[in-house]
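Have your viewer open and your selection tool ready.

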Amino acid sequence: MASKFFINYVKYLETYRGRDKAIRASSYLSCLLGGHFKSHNNLVLSNKFFTIMNELNNCRVILRLFDDSAMLAYVLQYGLGNQLSQDKFQRIVQIIINVVGQAFYPIEHLAWAADKKLINIKSGPWLLGALVAWIITLKLAIVKSLWNLWHSTAKSNRKRGTSRVNQELLNILENSANLAMAVNWLPTTTLWTGKLSDTTVGALGLTSTIVSMIKI
């Protein structure tokens, strides 16, 4: 059984999405541990974990430089969503998610290039733009999941209906955890911006990543 688990783990890491989720989980685990040791005044260990976190985050930013085409392929395949058995509201929400999600990548690329002094612009506004784009997609994804829960068709059999509800609940949990982190990183003084500890951010990020793994 242990060997089967290891083989499945290796196969999972060999996929792009699987490796990205593993890197993301490791990053937020490092954030959680760094925050834990920081709260206990162990700055040596906390700084080491924060260094690991930063390097893993930088790794994911680099990998996302090549995600535009995959996202564009999905957007084009979805189109206006007329070929899917979704109502008009769901299609409109998904189209907006697709457009904003597609815009996220070039915005983040510009922020990265500016941060690395490859282009002569300030990275701050572009980083904020990427964050806002992420927040918009997260909010809309939550709205779509709530809509799906509310409008769960009575024609579905019990097993299928339960499966759909569980899937949407996982989607809401994942996106809500991500949204809580994203709002915390906004450069404003509204809601809980800047108020979450590193330990809390790490726990939220780890939760959302584990949920995304469970959904696979």
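Helices here are DSSP runs (H or I, at least four residues), numbered from the N terminus. This is a predicted model, in which local features need pLDDT of at least 70 and side-chain atom pairs count only at pLDDT 80 or more, while totals for chains, interfaces and linings use all residues. Residues are numbered from 1 along each chain as its sequence is written, and side-chain values use heavy atoms, with hydrogens and water left out.

**Stop 1: aromatic rings**

Select Tyr74 and Tyr78, which both sit in helix 4 (residues 68-78), 4 residues apart, about one turn of the helix. Is each of them buried or exposed, where buried means under 20% relative accessible area, exposed over 50% and partly exposed in between (1.4 Å probe, protein chains only)? Tyr78 is buried at 5%, while Tyr74 is partly exposed at 36%.

Next, select Phe89 and Trp147. Rings of Phe, Tyr and Trp (its six-membered ring) pair if their centres lie within 6.5 Å; planes under 30 degrees apart count as stacked, over 60 as edge-to-face and the rest as tilted. With centres 4.2 Å apart and planes at 35°, the rings of Phe89 and Trp147 make a tilted pair. Phe89 belongs to helix 5 (residues 88-115) and Trp147 to helix 6 (residues 124-150), so this pair ties together parts 58 residues apart in sequence. Phe89 is partly exposed at 31%, and so is Trp147 at 28%. A search of the whole structure finds 5 aromatic pairs. Tyr74 and Tyr78 form one that is tilted, at 6.4 Å centre to centre with 35° between the planes.

**Stop 2: Ala133**

Stay in helix 6 and pick Ala133. Ala133 is buried, with a relative accessible area of 7%. Which residues does Ala133 touch, not counting those up to four places away in sequence? Show Val100 and Phe104; contact means heavy atoms within 4.5 Å.

**Stop 3: the cysteines**

A disulfide is a pair of cysteine sulfur atoms within 2.5 Å, and the structure holds 0 of them. Cys31 is buried at 4% relative accessibility, whereas Cys59 is partly exposed at 31%.

**Stop 4: salt bridges**

A salt bridge is a side-chain nitrogen of Lys or Arg within 4 Å of a carboxyl oxygen of Asp or Glu.

- Lys38 and Asp198 have their closest N and O atoms 3.8 Å apart. The pair links distant parts of the chain, with Lys38 in helix 2 (residues 16-39) and Asp198 in helix 8 (residues 198-215), 160 residues apart.
- Glu108 and Arg64 meet at 2.6 Å, N to O. Glu108 is in helix 5 and Arg64 in the loop between helix 3 (43-63) and helix 4, 44 residues apart. Glu108 is buried at 10%, and Arg64 is buried at 15%.
- Lys215 and Glu174 have their closest N and O atoms 2.6 Å apart. Lys215 lies in helix 8 and Glu174 in helix 7 (residues 158-184). Lys215 is partly exposed at 28%, but Glu174 is buried at 13%.

Notes:
Helix = DSSP H or I, 4+ residues; strand = E, 2+ residues; numbered from the N terminus.
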